[in-house]
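Trainee: I would like to learn how to read a few features of a model. Where do we begin?

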Amino acid sequence: MRTIGILGGMSWESTQSYYQALNQGINKALGGFHSAQIVMISVDFAEAEIETLQQQGDWQTAGQLLASASKRIEKAGAECLLLATNTMHNVAPAIESAIQIPFLHIADATGEKCQRDGVTRVGLIGTRFTMEQAFYKARLKERFGIDVVIPNEQERAEVHQIIFDELCHGLIHDASRARYLDIITSLHQQGAQAVILGCTEIALLVEQHHTQIPLYDTTALHASKAVEWALGN
């Protein structure tokens, strides 16, 4: 088994989901008392100023901070790297250029799932950075031929606010779930065959049993890809 590196803490609420999914995946594959070999650095989302840099649009500085943390993970013995957040994949090039080990991109894990399911038009909800900027949508289009539909401006603001005001603090509210489900339904009505939960916290609020519209939990897909990689599959 190869060792998986995790760069987390953005937020820690979703990072724990990664840790659980990786260990469950390895145990399901190998049985017994097996668990994942993991090296993890979890940044302080506030102290490291990542959240502030996001709001300021200073992606260069954020990339430098995460690249430095990634090098520490590699030095500690990780053989691949997972960035346990969708939004900060905006700085994936800075991280990839700083390390020698493979970087498993969350959008690739998601795009591969879409291709397997024959999905060519997909809805995307996440932070406003993920929904509005090109780093995620363009990768799905260019590498996998997938068209991406996003919510309207007001809906994007609501989705973003719920993430930062509630989900990043571990707050789960039925009213917020209902609003997300309304937005997911709207995306489906616009032709989306499935909807990407493009923020690693969203799966804490919305799960597949809440709707008949196919949902792609990026945390689960990313972790599954890492498990396959760790086992050499």
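**Reading accessibility, strands, cores and a pocket**

Mentor: The model is a predicted one. Begin with a single side chain: Leu171 counts as partly exposed because its relative accessibility is 37%, which lies between the 20% limit for buried and the 50% limit for exposed.

Trainee: Where is Leu171 found?

Mentor: Leu171 sits in the loop that links helix 8 (153–165) with helix 9 (174–189).

Trainee: Which residues does Leu171 touch, not counting those up to four places away in sequence?

Mentor: Leu171 touches Asp165 and Glu166.

Trainee: Take Gln54 next. Is Gln54 buried or exposed?

Mentor: Apply the cut-off again: buried means under 20% relative accessible area. Gln54 has 3% relative accessibility and is therefore buried. Gln54 belongs to helix 2 (residues 50–56).

Trainee: With which residues is Gln54 in contact, leaving aside neighbours within four places in sequence?

Mentor: The contacts of Gln54 are Phe45, Trp59, Thr87, Met88, Phe129 and Phe164.

Trainee: How many bridges join strand 1 (residues 4–8) to strand 3, and how do the two run?

Mentor: There are four bridges, and strand 1 and strand 3 run parallel. Within this pairing, Ile6 is opposite Leu82 of strand 3.

Trainee: Which residues have the most contacts inside the largest nonpolar core?

Mentor: They are Leu7, Ile125 and Tyr180, in a core of 48 residues. Another core lies apart from that one; it has 31 residues, including Cys114, Ile196, Tyr216 and Leu221.

Trainee: And the largest pocket: what space lies in it, and which elements give two or more residues to its lining?

Mentor: The largest pocket holds about 270 Å³ of space. Helix 1 (12–30) and helix 10 (218–230) are the elements that each supply two or more lining residues. Among the lining residues are Ser17, Gln20, Asp217, Leu221 and Ser224.

Trainee: How does that lining divide by class?

Mentor: The lining of the largest pocket has five nonpolar residues, six polar and one charged.

Key:
Residues are numbered from 1 along each chain as its sequence is written. This is a predicted model: local features need pLDDT of at least 70, side-chain atom pairs count only at pLDDT 80 or more; totals for chains, interfaces and linings use all residues. Side-chain values use heavy atoms; hydrogens and water are left out. A nonpolar core is a set of buried Ala, Val, Leu, Ile, Met, Phe, Trp, Tyr and Cys residues joined through side-chain atoms within 4.5 Å. Buried means under 20% relative accessible area, exposed over 50%, partly exposed in between (1.4 Å probe, protein chains only). On a 1 Å grid over the protein atoms alone, a cavity is a set of points where a 1.4 Å probe fits but cannot get out, and a pocket is an open set with protein on both sides within 12 Å along at least five of seven lines; lining residues have an atom within 4 Å of a point. Grid points are joined across faces, edges and corners, and a volume is the space filled by probe spheres set on the points. Ala, Val, Leu, Ile, Met, Phe, Trp, Tyr, Cys and Pro count as nonpolar, Asp, Glu, Lys and Arg as charged, and the others, Gly among them, as polar. Contact means heavy atoms within 4.5 Å. Two strands pair if DSSP finds at least two bridges between them.
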